[in-house]
Amino acid sequence: MTETPFAEEDTYPPARASWLLWAAGALAGTLLAMGISFAFGLEPTLRGLSRSRELLSILWVAVSAVVGILSVRSLTGRSLPPRRWRTRTGLVVAETILLGAWLIPQIAGMSRLPFGALGAGMLACAIGAVLAGVPRGSLWENNQPPSPEVAASVVGRHREPDLARRRSGGLKRVFDLALSSAGLVVSLPLSLSAAILLWWEDPGPVLFVKNSVGLHGRNFKQFKFRTMIQGAEEKTGPIWASARDPRVLWLGAFLRKTALDELPQLFNILIGDMSFVGPRPQRTVLVAEYLDRMPEYAERHSVRPGLAGLAQVAGSYYITPRQKLRLDMVYVRHASLGFDIRLLAVAFLVVFWHRWQRAPARIPRSWLHPPRPSSR
């Protein structure tokens with residue numbers, strides 16, 4: 001009997017943990033909404049408010065998150081996955097309740113909450129609705145992780161002395177830590193907006209976990225925004241996406257073209273699973289197949305995988321695994337912080353200018369040349 005490459009397990013947390021997750025989500029939504037509201041000027045300051053009004057504003061935002069959770073949960077019940085119209089209606093109802101609760105005291109001339117509290121409350125309500133409208137409280141879809149046997153076999157093919165000794169440079173890691181930390185903070189409003197809009201188009205998990213091979217062959221969870229319909233790979237398993245894939249969501253196509261679906265990988269970089277520049281991570285189940293045909297494929301995992309890679313800027317999304325390997329090995333042999341910065345600049349140019357041209361010009365090959373070794 002042939003061993004299945006996928007783990008047969010429920011990848012969502014137990015249902016009994018949902019209320020705990022929602023409570024934590026309501027608290028997180030409250031803090032995030034208030035922080036963004038204050039930082040971006042929706043509420044300039046609380047210093048002019050009385051203590052009671054300040055506490056009332058905080059309570060308002062917290063209650064808003066709970067209203068979003070309860071409204072969506074009351075309409076979706078226990079259906080998994082919940083129907084789209086039910087989750088969307090739940091969010092609209094919750095936001096309408098909040099708007100009315102804020103407007104009535106304004107019209108009646110009663111004690112009024114500041115406008116910033118309304119904005120932060122509606123954002124917290126949307127975050128709560130997203131948390132309540134995902135199956136069993138899981139924010140990511142991880143429907144086909146590799147079996148433990150496959151993951152172990154991939155690691156076993158990377159236990160060669162030269163691979164085990166090689167380490168990424170310390171300066172490169174400091175660069176990754178500093179840039180990923182700043183990127184997570186700056187991109188937080190954009191990430192929240194993308195998550196809410198994705199949830200609105202196709203209610204369910206807003207993130208997708210791609211089980212990929214990292215440094216020295218270890219499997220790790222590579223996070224991305226979910227750009228396809230739920231369960232897109234349940235019948236086919238992991239396959240290459242086509243140029244006009246009917247499974248891709250409308251917003252997902254935009255996120256892919258602008259590479260904004262990769263924003264959650266800043267967290268992968270922060271915790272050390274990835275780097276900003278390196279060979280693009282490939283799925284563990286696919287790497288297991290590549291290693292059968294190309295044992296040298298293990299060499300590309302002697303450095304951390306990257307958000308951007310030489311194979312992506314010099315080639316294209318649809319080049320063959322062997323062609324990608326050749327380009328990845330050029331990077332592995334010449335990896336340096338200077339080369340990383342140059343490739344990041346080229347990747348930025350490709351995503352935000354080159355892809356949007358009707359007749360794009362080719363990237364000058366000289367921009368992609370690795371640094372020459374210094375002569376002594």
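Which way does α4 pass α8, in a left-handed or a right-handed crossing? I looked this up before anything else. α4 passes α8 in a left-handed crossing. I call a crossing left-handed if the near helix is turned anticlockwise from the far one by less than a right angle, and right-handed if clockwise.

**Ground rules**

I am working on a predicted model, where local features need pLDDT of at least 70, side-chain atom pairs count only at pLDDT 80 or more, and totals for chains, interfaces and linings use all residues. I number residues from 1 along each chain as its sequence is written, and side-chain values use heavy atoms, with hydrogens and water left out.

**Overview**

I find 14 helices and 5 strands in the protein. Both are DSSP runs numbered from the N terminus: helices are H or I with at least four residues, strands are E with at least two. The protein has 376 residues, and 48% of them count as buried. Buried means under 20% relative accessible area, exposed over 50%, and partly exposed in between, with a 1.4 Å probe and protein chains only. I also checked contacts, meaning heavy atoms within 4.5 Å. Of the contacts with a separation of 6 or more, 78% are between residues 24 or more positions apart.

**α4 on α8**

Two packed helices are described by the angle between their axes and the distance between the axes. Helix α4 (residues 115-132) packs on helix α8 (residues 188-201) at about 50°, and the axes are 10 Å apart. The axes are lines fitted to C-alpha atoms, for helices over the stretch in contact, and angles run from 0 to 180 degrees between N-to-C directions. That makes α4 oblique to α8. My classes are roughly parallel for angles under 35 degrees, roughly antiparallel over 145, roughly perpendicular from 65 to 115, and oblique for the rest.

From α4, I note Leu123, Ala126, Ile127, Ala129 and Val130; they meet Leu192, Ile196 and Trp199 in α8. The contact holds 8 nonpolar residues, no polar and no charged. Here Ala, Val, Leu, Ile, Met, Phe, Trp, Tyr, Cys and Pro count as nonpolar, Asp, Glu, Lys and Arg as charged, and the others, Gly among them, as polar.

**α5 on α11**

Next I took helix α5 (residues 148-156) and helix α11 (residues 284-293). They pack at about 50°, with axes 10 Å apart. The two are therefore oblique to each other. The crossing of α5 past α11 is left-handed. On the α5 side I see Val150, Ala151 and Val154; on the α11 side, Thr284, Val287, Ala288 and Leu291. The residues of this contact are 6 nonpolar, 1 polar and no charged.

How many of the 10 residues of α11 are buried? The count is 7, and the helix is mostly covered. Those buried are Thr284, Val285, Leu286, Val287, Ala288, Tyr290 and Leu291. Their cover includes α5, β2, β3 and α13 (321-334).

**Cores**

A nonpolar core is a set of buried Ala, Val, Leu, Ile, Met, Phe, Trp, Tyr and Cys residues joined through side-chain atoms within 4.5 Å. Which members of the largest one touch the most others? I list Trp199, Phe225, Leu255, Tyr297, Tyr331 and Leu343, out of 55 residues. α11 gives the most to this core, with 6 residues. Another core lies apart from it, with 12 residues, including Trp60 and Cys125.

I followed Leu255 further. Beyond its neighbours within four places in sequence, Leu255 is in contact with Ala194, Leu198, Phe225, Thr227, Leu260 and Asp261.

**Positive phi**

His216 has phi near 60°, a positive value in a residue other than glycine. His216 sits in the loop between β2 (207-213) and β3 (219-225). His216 is buried, at 13% relative accessible area.

Ala259 has phi near 65°, also positive and also not a glycine. The loop that holds Ala259 runs between α9 (250-258) and α10 (265-270). At 24%, Ala259 is partly exposed.

**Two buried positions**

Gly309 is in the loop between β5 (306-308) and α12 (310-314). Its relative accessibility is 3%, so Gly309 counts as buried. Not counting residues up to four places away in sequence, Gly309 touches Gly278 and Arg280.

Gln222 lies in strand β3. Gln222 counts as buried, at 0% relative accessibility. Not counting residues up to four places away, Gln222 touches several residues, among them Phe208, Lys210, Asn268 and Arg280.
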